[in-house]
Amino acid sequence: MEFIDLVKERYSCKNFASLALDRDDLERVLEAGRLAPTAKNNQPQRIYVAESKKTLAIIWYGYNK
């Protein structure tokens, strides 16, 4: 696949299902993120895992909703 074809076919998801992720799948996603390259290898990543809507609200809004 050519790069231009990839760019034309990309999709940005803006709606997410509220389904729980299997623990093994979550660990695979987190490992992939940990191994992904960063700009200039600065590695300024912070990854938060919210397992409840309450926790997500605290992370997202900074308070308990």
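**Figure 1. Residues around the largest pocket of the predicted model.** The lining of the largest pocket counts 20 residues. Nearest its centre lie Ala17, Leu19, Ala50, Glu51 and Leu56. The space inside this pocket comes to about 910 Å³.

**Figure 2. Make-up of the pocket lining.** Nonpolar residues account for 15 members of the lining of the largest pocket.

**Figure 3. Thr38 in the loop between helix 2 and helix 3.** Helix 2 spans 23-35 and helix 3 spans 53-61; Thr38 sits in the loop between them. The Thr38 side chain comes to 3.4 Å from the backbone nitrogen of Asn42.

Figure 4. The chain holds three helices and zero strands. Its pattern along the sequence is α-α-α. The radius of gyration is 16 Å, well over the 11 Å that the globule rule gives for 65 residues, so the chain is more spread out than a compact globule. Along the principal axes, the C-alpha atoms fill a box of roughly 45 × 30 × 25 Å. Of the 65 residues in the chain, 5% are buried.

Conventions
Residues numbered from 1 in each chain as written. Predicted model: local features only at pLDDT ≥ 70, side-chain atom pairs only at ≥ 80, totals over all residues. Heavy atoms only, no water. Helix = DSSP H or I, 4+ residues; strand = E, 2+ residues; numbered from the N terminus. Polar contact = N/O pair within 3.5 Å; in protein donor to acceptor, adjacent residues only side chain to side chain. 1 Å grid on protein atoms, 1.4 Å probe; cavity = no way out; pocket = protein on both sides within 12 Å on 5 of 7 lines; lining within 4 Å. Points joined across faces, edges and corners; volume = space filled by probe spheres on them. Nonpolar A, V, L, I, M, F, W, Y, C, P; charged D, E, K, R; others polar. Rg over C-alpha atoms; globule rule 2.2 N^0.38 Å. Buried < 20%, exposed > 50% of the residue type's maximum accessible area, 1.4 Å probe, protein only.
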